[in-house]
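Please read it with the structure open beside the text.

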Amino acid sequence: MGESLALDLLDAPPKQPQVFEVLDSFERALNLLEAVSDSDSRSGIQKILDDIDAVKKNPHLIGRASVESTQNESLYSYNKTNSLYSLFKFEPASPEIENIWYAMVATALPGLFRLERRRKEDPISHADHMYQVTLAMRNLKKCFNHERVLMLEMPDVPTSAQKYAEEMEKVFQHFDIRMESTGKYRQFYLVHRLLSWQEGDALVDVVGPGYRPRTGERAPRRKSTLDADIKEYQRKTFFVDESHTETHIRKISTYFERPNRREAEQEKFAPDLEAEIKPVESTLELLPGKVMQYHFRRQREGAGQRARYAVQAIELQNQQLPITYSNLSEYEIQLFLENLDRWKSSLWRVIPNDKLVEVSLWAACRYLFSRSPDQLINLRISTNAETPRLPTWNPQTKRITFSTLSPKHKASASTALSIPVGAQLTLEVPTLVQVLIELVKVKSGLIFKSSKEELERYFSLLLNSINAKYKVALSAHRLQNTMAEHISTLAPNDPVLACYFTGAPPNSHMPAVYSAVPENRIQQLFIQAWERYSVALKEDDWDGSRNFELPSLIDFNHQFVGSMQVPQNEMVKSTVHDLLTRLNADIANPGVSISRRHNSYTAYVCFMLLVLTGIRSLTTLLPGAMDVDWKSGICFASEKDNSRYSEARLVYMLPLVVEQLQSYLQHVRQLRKYLVANGSEALVKLDARHEEIKLSNHIRPDRSADLNSIDGVAPMVFMLGESGSTMIEVKAKQLQQYMGDKWSMRIGATRHFIRTALLLGGTSGELIDALLGHWIRGAEPWGVYSSLPPRIWKSELKSRIDQMATQLGFKALKPNIFR
């Protein structure tokens, strides 16, 4: 081995069949390092590269390969003895991290060479140091999910060791993660430690404080093979191992980008998109228990992708319709509409003459209604006034009706007190569609006589002709998404509108579950979207009126689609009146106990909180006064949350609500005198409010420990037992007993009410979702890269909710229940 400089640097073991693959990887890292090195260093690197070429041309320098030479040697001992060689033995497991991994290794190569030299000089002191660092880099080749998120943020080009270490620190600070020598991020810590000491001499501490190197030769802690490591990796990730049968496997189509990911993202908008730039479709086989985890990861990636597209749309001065790879630009829409009925054009030569009108109508429906081919193929002509189950065109009213899906919640027992929700959506269509339907010459029954497959094939041929002539990238999928996504960007700017327009199952879209949308509002947005991008629009393109009034909070007498759990305004208003009437009656009656009066007052305060803030009722309301900023009216809410407060949110409270809570606290101070006189057990929890409570901080959040710490402390609002000696947490069951006979819905319907009411008032869906805690993971409204202005969010909600509180009859009460 002494005849080759490269093999000596790698400390390559004799008679290894993988030497050429290792040399290729080593050469790639050296080329990256040479590009960022100074002139003196480049000459030394070039000598190594020349030696690698010589080895490839003279294989006898390696010796005879023997596969059996290392079969009896443990993987640990082999990697410890030949650490630098084993680092380049296998390629990274995922193409998306390949460039990033090589950039990291190229940056760390000078430090690895120095550490390898120290290992040869003093094996007892430095052998484990070299092994631990190279092991960390090898493990980063097969990143687990938590490592992959950080790895994708690392630089993809080599830099100086100091600059790369600073970039690693920025990534950890962005994700609020501490870089420690133990735990699941230890791999990054070892790399960072090597880079930090790369230009110094104190490489003894490269693996961190407290580490004890192994001395002497002794049995390893565990013996493993490479196959065992790969199986363990597959077990911890999404992919399926051999022990599962095909009946338990979920197959999901997905797209994998080419290795040079960043360059591909910049070229996605190029009109002459080449085939190798496009993402490659593949199929993932997932275990049933991993499907939801996979979708969450895709949601986070999608949120980041949408943010990048939005920035690019602003740079292109196309802010009216943010372009993504799933919809169309204004230019592409105009091209499609201009050629939709030009049957004498050369673009239509690929379509048979007897199919021209039918294909044109099919293309118009795919674009206008954002419905799937399975739904559109059943479009029929009928004048039946009954609720249709299939898409229906009524030639008398010139309207088309589609079915919609409501959330799977049970309908209210008293439908008269909830807003009316239908199972269909009726739309007025442009004259273009009306003319095409008449040209089809179908009097009744199904409009499309050809099969779905045949129509889709001709539709694809038409789009390919347009793409070839104008150098664009139209596709059926992009056309189908464009109208729905544009409707969601119009006022009140909420994806819920697109959800019900397309007839998608709302249970897969959390905000849609809580919303009811007026049918005529979707009709109005549909007209606006068509007028914005139609070509040469004429005054008679719509037979009906374009002016629709947005339903007010008081007037719920419109046909809605969506949630069946939205109470009418009159029902909420009557409940407020019943709570006030009951409270005044209890105070006026000397025979009513103090605990009963307190509970009536608490029920009124809780109902105000639920209706005017959207706080969930499934857990204790407002655990402590420390969660409320009394000056700004901002409250910290953490109901359905995990141990790291990942789902926590900020809730805005009106000055009316803040005043009511302050009056309630004053009432509790008066109540304490009554509890002392009666020797109540609740007094202990009440006095615990004044004790110092140690809670976790933002660096090490621990919600479970915090709940245990405040378990013995009285919450802000509470009820008392009949005897007045026990404290009862306010749950839905207790609150329901004081709300009167007119309230026949579950308490959680208050969140449906406030979301629908704010939506009807024109509030943006983004502002409502921030209030209620509905967002896609990775796109939190108060995240690091959020662009939601808190001042606008607060002022917009204040004006809407303040009006709602006045209409419902809420007022701040300061009752004296002890008279």
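**Notes on the predicted model**

1. In helix α9, Ala161, Tyr164, Ala165, Met168, Val171 and Phe172 are buried, where buried means under 20% relative accessible area, exposed over 50%, and partly exposed in between (1.4 Å probe, protein chains only). Viewed down the axis of α9, these buried residues fall within an arc of 115°, so they line one face of the helix; the arc is that of the directions from the helix axis to the C-beta atoms. An α-helix has 3.6 residues a turn, so residues three or four places apart point the same way.

2. On the other side of α9, Gln162, Lys170 and Gln173 are exposed, whereas the buried residues of α9 pack against α6 (98-121), α8 (145-151) and α10 (186-196), contact meaning heavy atoms within 4.5 Å.

3. Helix α9 (residues 161-174) has 14 residues and reaches 20 Å from its first C-alpha to its last, close to the 20 Å expected at 1.5 Å a residue, the expected span being 1.5 Å times one less than the number of residues. After α9 comes aspartate 176, whose phi is positive, near 55°.

4. As to the basis of these points, this is a predicted model, in which local features need pLDDT of at least 70 and side-chain atom pairs count only at pLDDT 80 or more, while totals for chains, interfaces and linings use all residues. Residues are numbered from 1 along each chain as its sequence is written, and side-chain values use heavy atoms, with hydrogens and water left out.

5. The protein chain has 31 helices and 14 strands, taken as DSSP runs numbered from the N terminus (helices H or I, at least four residues; strands E, at least two). Of its 819 residues, 49% count as buried.

6. An open sheet of three strands has the order β10-β11-β12, with antiparallel pairing, two strands being paired if DSSP finds at least two bridges between them. The edge strands are β10 (628-629) and β12, each of which pairs on one side only. Between β10 and β11 there are two bridges, and valine 628 stands opposite cysteine 635 in β11.

7. Glutamate 639 lies in the loop between β11 (634-637) and β12 (649-652), and counts as buried at 8% relative accessibility.

8. Strand β5 (residues 399-403) pairs with β6 in the antiparallel sense over five bridges, with arginine 399 opposite glutamate 428 in β6. Four of the five residues of β6 (residues 424-428) are buried, so this strand is largely enclosed by the rest of the structure.
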